[in-house]
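Here is a short briefing on how two chains meet. Look at the model first, then read the points below.

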There are 2 protein chains.
Amino acid sequence: MKRKITLKQIAKELDVSISTVSKALRNSVEISEDTKQKVQAFAKLYNYRPNNIALSLKNRKTNTIGIIIPEIVHHFFSKVIRGVELVANKRGYNVIIGLSNESFSKEVINMEMLANGSIDGFILSISKETLRQQDYHHFNETMSQGMPIVMFDRVVSDIKCDKVIVDDFNGAKNAVEKLISNKCKSIALITTKDYVSVGKLRTQGYLEALQENKITPEADLILKMDDTLDYEVHLEALESEIEQLFKSNKKIDGVFAVNELYALSAMKVARKLGLNVPEDIQVIGFTDGVLSKHSTPSLTTVSQHAQQMGEKAAHLLIDKIETEFDTEEEQFQTVVIATELIERESTK
Amino acid sequence: MKRKITLKQIAKELDVSISTVSKALRNSVEISEDTKQKVQAFAKLYNYRPNNIALSLKNRKTNTIGIIIPEIVHHFFSKVIRGVELVANKRGYNVIIGLSNESFSKEVINMEMLANGSIDGFILSISKETLRQQDYHHFNETMSQGMPIVMFDRVVSDIKCDKVIVDDFNGAKNAVEKLISNKCKSIALITTKDYVSVGKLRTQGYLEALQENKITPEADLILKMDDTLDYEVHLEALESEIEQLFKSNKKIDGVFAVNELYALSAMKVARKLGLNVPEDIQVIGFTDGVLSKHSTPSLTTVSQHAQQMGEKAAHLLIDKIETEFDTEEEQFQTVVIATELIERESTK
């Protein structure tokens, strides 16, 4: 078969970034005339078909929603998809899924591919790399071509679209308040580095709960993990960092972890060091995944209602798809899904 | 926007099955002339576009692989997808995913949608409903239109295509032999009803291991669960059935369960009844998911090497896509991925 050239190949051939190719093909003012001409000529030569050449497909409704998620082996994202599916099917829509694998260029490529006449709109959560690079042109240009986007969980305020977010700040704050009311005096935080908004908000919730209760936060008790590593694989590295935290701070009697795996690892390390959960250390995690329910002791956790997020996102998107807007009037909303503290055995 | 009519709507309007509509649109000899005319006229009236109308898109290579899986909230399928992705990306392909949700009609609809010029070939695992109905026309017709399919895990011998399967029979047999060599005298089996091939093969492996060791299988020790229920939700029903099994057969000292959730539930029920794992009852599960590693005690299990299955399936499919075949010469292969018994704390 004749091979179709991809964005990636054009970028490689011309030694520019995928983002540059994508912008050049869309005639973006951000790109120099010289580069634009080079990219466009090359694309033409190899019969590359960007979105706007597929205009003929544009007015055909597909009754399909595209979802782009950063990761597939992840209970939270699976549950969101289940929620989207449920509502989509009820309202006569199909769902197809693309994966960014936390990569900016894969996010761009997937959006290009799906926007090319296959779907009516996107539901997506932004990849970590995109958040780091702060390059959002592909979202804005997709929307400017008339295709609506609803973002969930990982969102940025710069982009004007409908959003469904978890109340990360209050979820974290309530969890830490629970530990304080359970008489914890020295509460550690296991979190991620700050570039992903949800990690940042959960850290703020932790700090706020301490301050409101007149507890001075201590830098020593805050462990920031580099979550670009895949900790399913690097579990030992994670555990050794937590062990170091516990050993250097013997007074720790409470742990708030911003995800399930960090919380379970904290319980495992505590057990290894001869500490009992919840008698010596109480632990609360974030995300109500399968592990929380089945661990021993079972984990007290902040549930994000992932399925409900997916359902809400699907309703917002389909409402947009099915309504004719005057672009000037277009209004966007951000729906905040409240969290819920599910108390199990890891707290008193 | 003008709404495009779907297969589902045509089926509903004409009060026939989706399968009938799909076959009628493809002029299948299985469907009466009368029905074919009715369906085709209706489809034409409402501008339905089946695959073969999109012939113009056919010769365009998309560099995209379509995956259809029965379920998204499932660690095994996520890992297979990760494997497919890995190889696909290396070989210059993208991946998009559709969900059948274990439904025959959703499987047909998803294949219709993706085959319509979006992808170069399919990797899929068959839905439970399709296996029950034994209606495979959509697979055969997709292939007869020149689009290759590779099936994994849940396959049927009637369909001629490349397949990647787990050695379910020997995986189960080895697990039960392990229990026998660990001195278990009375080994229970917790399995599914027989229509899904993998459950059947694992049951056969259990029986074979007993027979080779001159242990007479007892019907009382075999619990067959109806796995059309979602046991993440109906966990209590599952546990009460297992409790009944243990109470009626106090001699049980070993359990082989055909999936992770059944195995964990067996451990939970054992604990509830005051039995220690592995001292009083040894337990082995199938599928090395996240739960096995993190449960207490951690679960001895038969690993299926899901990621490796995905990698193999991707290689088989891309090889087919990139080779020109004379249809008469076309050869298919079935690759069997060996399982591995991962010993943890739930066995002696």
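A salt bridge is a side-chain nitrogen of Lys or Arg within 4 Å of a carboxyl oxygen of Asp or Glu. B:Glu85 and A:Lys106 form one through their side chains, at 2.8 Å from N to O. Between chain A and chain B the count is two salt bridges.

This is a predicted model: local features need pLDDT of at least 70, side-chain atom pairs count only at pLDDT 80 or more, and totals for chains, interfaces and linings use all residues. Side-chain values use heavy atoms, without hydrogens and water; residues are numbered from 1 along each chain as its sequence is written, and chains are lettered from A in the order in which they are written.

**Symmetry**
- Chain A superposes on chain B by a rotation of 180 degrees with 0.0 Å of shift along the axis, RMSD 0.1 Å (least squares on C-alpha atoms of residues with pLDDT of at least 70 in both).
- The two copies are thus related as by a two-fold rotation axis.

**Interface**
- 49 residues of chain A contact 49 residues of chain B (heavy atoms within 4.5 Å).
- The two chains bury about 4,600 Å² between them, 53% of it on carbon and sulfur atoms (accessible area lost on being put together, 1.4 Å probe, summed over both).

**Strand pairing**
- β2(A) and β2 of chain B (residues 94–99) run antiparallel, joined by three bridges (strands are DSSP E runs of at least two residues, numbered from the N terminus; they pair if DSSP finds at least two bridges between them).
- A:Ile97 stands opposite B:Ile97 in β2(B).

Key
Helix = DSSP H or I, 4+ residues; strand = E, 2+ residues; numbered from the N terminus.
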